[in-house]
Amino acid sequence: MDEANRGSFPAEVVNKIFSNISSINQFHSQFLLPELEKRMQEWDTNPRISDILQKLAPFLKMYGEYVKNFDNAMELVKTWTERSPCFKSIIQDIQKQKVCGNLTLQHHMLEPVQRIPRYEMLLKDYLRKLPSDSLDWKDAEKSLEIISTAASHSNSAIRKMENLKKLLEVYEMLGEEEDIVNPSNELIKEGQILKLAARNTSAQERYLFLFNNTLLYCVPKFSLVGCKFTVRTRVGIDGMKIVETHNEEYPHTFQVSGKERTLELQASSEQDKEEWIKALQSTIDAFQQRNETFRNAIAKEYDDMPIEVSTAELGKRAPRWIRDNEVTMCMKCKEPFNALTRRRHHCRACGHVVCWKCSDYKAHLEYDGNKLNKVCKDCYHIITGCTDSEEKKKRGILEIESAEVSGNSVICSFLQYLEKSKTWQKAWCVIPKHEALVLYMYGAPQVCKNKWKPDHSFPQASGRLKKASKRLKISCEALTCALG
């Protein structure tokens, strides 16, 4: 309030955040607490407290105003922390004080909400231990009735507060970087799990936080002050699919397929797996029910959605990567893979394993923030809408006209070569598949004084590609060393 009175932010903001907390504090410090302390001192001669509670319990209804305002108060704290650097700085300075016990403002704001249920529990315990013939019995019953009435008005709010308290704990575990503290968010399940690598079946330790609207896929990190995690990926519940998978080497696996990413996970046991699948599926069902209007329009799409990404969703949904050891040949051109000239690559749009020739394309993928990613030829044409003729316009003359030779090659691409007393030159190089192991070099444009000009040292390719202007016979051993 002192800072608000200096004009750093409106004083009414503070009043709206803390509601009638001053009146609640005054009631306890000036009435309830002194009365109870005095009675404790007189306990030997007057062993009873319920007459005090019965007299003062009606005033506990003032908590109702604070509880009703709590959601709005939490939202105000969040808004002004983001909007006002001064407000944020003051809150952080106060939280550093020893009296705060290293707890956030939101944690302290929860305490009054939980106060009435605590009174109710203490009074019930007092009645259980109180002899039925005690002079304090009737007053205790009446006090409990009054306090229970006050508590019933805020039971639903109490459940929300307990959820918010858990959200605050998760918020701190995530380094206070993820915006999850919101009355509409609900933590459904959390726990450690193993994630199977996309390229192979190695398992990596991960941690999941499942909320009613998103799944946080986190990586544990070392900390001296308790469990800490770094969020690797947020996977939205909207459009999520859960599929049981079977892996001979790793049991208890299942797949989470979302628009942002597809994860294959391994639970610690079959029971743990079933619990995760049940929690995830229940969350998905509840999410769809809350969005009934939209669900009717897209229900068929969800029901018929295959495990693999559909053509309509290429680039919009993260694919499941086919593992390297599941295929022996390119899934597009059917050429066998080898470790030297035809290695495995993954299309980031469909997840298929393809060779370098079939993955020599890039497209903007929506699920990855519209970043350029390596994709196969088929996905490139679907995502960009580019036809073969339009693609040829973007390619060089040598790439187009050498297509007949390059298409039947072991490997082909541009290379730089150096001859004595000459500068570096650029050539299109091809190693044919069905001929003797030779390297063909075709004349290509090269840079000279920052301008492109034809390389007149080689015959120019025109019409049907002329045979090699230079032919270098290289032994298998030398070629292996050169390409190694």
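Q: In what order do the seven strands of the open sheet lie, and is their pairing parallel or antiparallel?
A: As a general idea, the strands of a sheet pair through backbone hydrogen bonds, and they do so either parallel or antiparallel. In this structure, which is a predicted model, seven strands make up an open sheet whose order is 4-3-2-1-7-6-5, and the pairing is antiparallel.

Q: Which strands stand at the edges of this sheet?
A: The edges are taken by strand 4 (228-236) and strand 5 (241-244), and because each has a single partner strand, one side of each is left without a neighbour in the sheet. Neighbouring strands of this sheet are, on average, turned by 35 degrees against each other when direction is ignored.

Q: How many bridges join strand 2 to strand 3?
A: Strand 2 (residues 203-211) and strand 3 (residues 214-221) run antiparallel and are joined by four bridges, and if you look along this pair you will find Leu210 opposite Leu215 in strand 3.

Q: Which strands does helix 10 lie across?
A: Helix 10 (residues 270-290) lies across strand 1 (187-196), strand 2, strand 5 and strand 6 (253-257), and it runs at about 125 degrees to strand 1.

Q: Which residues of helix 8 are buried?
A: An α-helix has 3.6 residues a turn, so residues three or four places apart point the same way. In helix 8 the buried residues are Asp139, Ala140, Ser143, Leu144, Ile147, Ala150 and Ala151. They lie on the same side of helix 8 because they cover an arc of only 135 degrees around the axis. The face turned away from this buried side carries Lys138 and Glu145, which are exposed.

Q: Which members of the largest nonpolar core touch the most other members?
A: This core has 55 residues, of which Phe70, Met109, Ile116, Leu174, Phe209 and Phe211 touch the most other members. Apart from it lies another core, of 21 residues, including Cys347 and Tyr380.

Terms used:
Residues are numbered from 1 along each chain as its sequence is written. This is a predicted model: local features need pLDDT of at least 70, side-chain atom pairs count only at pLDDT 80 or more; totals for chains, interfaces and linings use all residues. Side-chain values use heavy atoms; hydrogens and water are left out. Buried means under 20% relative accessible area, exposed over 50%, partly exposed in between (1.4 Å probe, protein chains only). Helices (H or I, at least four residues) and strands (E, at least two) are DSSP runs, numbered from the N terminus. The arc is that of the directions from the helix axis to the C-beta atoms. A nonpolar core is a set of buried Ala, Val, Leu, Ile, Met, Phe, Trp, Tyr and Cys residues joined through side-chain atoms within 4.5 Å. Two strands pair if DSSP finds at least two bridges between them. Axes are lines fitted to C-alpha atoms, for helices over the stretch in contact, and angles run from 0 to 180 degrees between N-to-C directions. Contact means heavy atoms within 4.5 Å.
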